[in-house]
Amino acid sequence: MRVRVGFTPVDEVAAPLGIVIDVLRATSTICQALASGYERVICVGEIDDARALAGPGVALAGERGNVRIDGFDFGNSPREFAPRSQTGVRDVSEVVTESRLVLTTTNGTRLLLSAAARCEEVLVGSLLNLDAVVAAARDADQVAILCAGVERAFAIDDAYVAGRIAAALGGEPDDAAVAAIRLADAFATAEEGIGGGVSAANIRNAHLDADIAFCARESVLGFVPRVVARSETSVEIVS
C-alpha cells in the first residue's frame with residue numbers, strides 16, 4: 001500500500017481512495033450527526049448553496065469563523081448532535097427531527113468537494129471513528145490522507161490525525177506521511193495532539209473549549225461515512 005498525505009488543500013494530493021480529515025470540527029460533526037440518526041449529510045462549500053437546499057426534512061448547519069451562520073439550525077459543534085449522556089445538554093431525540101443535514105464550514109466541507117473531484121472513493125475520518133477508518137482503508141493499493149487545515153494553511157490537529165492513520169496503515173508512506181507519523185508520535189495523548197494548534201485556539205476564542213475534548217475521543221464510533229453522490233456544489237455522505 002502506498003500512503004500519501006496532503007497537509008493542506010493546496011497540495012491537491014490524489015489517490016483512488018481519499019480520507020478527508022477536519023478533526024476540529026467538520027468531519028467529527030459529520031460522524032456524530034450520522035451516529036445520532038441523520039440518514040445523510042450533504043456538504044456544500046458556500047452558505048447560499050446550503051440555503052438553496054432548505055426544505056421539509058432538512059436541517060441546516062454551519063459556521064464561518066466558528067460562529068453559527070445566521071438562521072441555521074446548528075453550528076459546527078459535534079456536541080450539538082450528541083446525546084445527553086455525552087454532553088449533559090440534551091437527549092439525541094431532541095436533536096434529530098429531520099432526515100438530512102446540510103453542512104457548510106470554513107474548511108472541511110470545501111475540502112470534501114475538492115477530494116470528491118479527484119478521488120474515486122472518499123471516506124470521512126476523525127478520531128471518533130479512527131479504528132473503523134483504518135479498517136476500511138487497509139486493503140487499498142493507494143491512499144491519500146487529506147487535511148483540511150485552516151484557511152488552506154497547515155494545521156497541527158489535522159496533521160496529527162493524518163499521522164495516526166498513516167502509522168496504523170503501514171505500507172509505503174511518502175515523505176509527508178512519514179512527517180505526519182513523527183509529528184503524531186510527539187504527543188502523549190490525542191487531546192494534546194489536536195489541542196495545541198491554531199484550530200484549537202480559534203475554538204477556545206469562540207468559547208467552545210469542550211469541543212476539543214469531545215473530538216479527541218478515540219474510536220467511539222464503529223462506522224465510516226463515505227461520499228455516495230457528488231456534484232459541482234455538493235457531496236452526499238452516508239454511513
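Which residue of S8 is the bridge partner of Gly6? In this predicted model, where residues are numbered from 1 along each chain as its sequence is written, local features need pLDDT of at least 70, side-chain atom pairs count only at pLDDT 80 or more, and totals for chains, interfaces and linings use all residues. Side-chain values rest on heavy atoms, with hydrogens and water left out.

The partner of Gly6 is Leu146. This bridge belongs to the pairing of strand S1 (residues 2–6) with strand S8 (residues 142–147), which runs in the parallel sense over five bridges. Helices (H or I, at least four residues) and strands (E, at least two) are DSSP runs numbered from the N terminus, and two strands count as paired if DSSP finds at least two bridges between them. S1 also pairs in the parallel sense with strand S9 (residues 172–173), over two bridges; here Arg2 stands opposite Glu172.

The largest nonpolar core holds 40 residues, and Ile145, Ile165 and Ile194 touch the most other members. The largest share of this core, seven residues, is supplied by helix H6 (residues 156–169). Such a core is a set of buried Ala, Val, Leu, Ile, Met, Phe, Trp, Tyr and Cys residues joined through side-chain atoms within 4.5 Å; buried means under 20% relative accessible area, exposed over 50%, and partly exposed in between (1.4 Å probe, protein chains only). Beyond its neighbours within four places in sequence, Ile145 is in contact with Val3, Arg4, Val5, Gly6, Ile19, Ile21, Ala162, Ile165 and Ala166, contact being heavy atoms within 4.5 Å. A second, separate core of 34 residues includes Ala15, Leu103, Leu113 and Val227.

Asp141 lies in the loop between helix H5 (130–137) and S8. Is this residue buried or exposed? Asp141 counts as exposed because its relative accessible area is 65%. Apart from neighbours within four places in sequence, Asp141 is in contact with Met1 and Arg2. Phe74 is 67 residues away from Asp141 along the chain, and their C-alpha atoms are separated by 38 Å.

Helix H1 (residues 26–35) is mostly covered, with nine of its 10 residues buried. Among the buried residues of H1 are Ile30, Cys31 and Leu34. Thr29, also found in H1, counts as buried because its relative accessibility is 0%. Not counting residues up to four places away in sequence, Thr29 touches Asn76, Ser77, Pro78 and Phe81. Just after H1, Gly37 takes a positive phi of about 130°.

Finally, the largest pocket. Its volume is about 210 Å³, and of its 16 lining residues, Glu63, Asn66, Thr106, Asn107 and Asn202 lie nearest its centre. Helix H9 (residues 198–205) gives the largest share of the lining, three residues. The lining divides into three nonpolar, nine polar and four charged residues. Ala206 is partly exposed because its relative accessible area is 26%. Ala206 and Gly65 are 141 residues apart in sequence, with their C-alpha atoms 8.6 Å apart in space.

On a 1 Å grid over the protein atoms alone, a pocket is an open set of points where a 1.4 Å probe fits, with protein on both sides within 12 Å along at least five of seven lines, and lining residues have an atom within 4 Å of a point. Grid points are joined across faces, edges and corners, and a volume is the space filled by probe spheres set on the points. Ala, Val, Leu, Ile, Met, Phe, Trp, Tyr, Cys and Pro count as nonpolar, Asp, Glu, Lys and Arg as charged, and the others, Gly among them, as polar.
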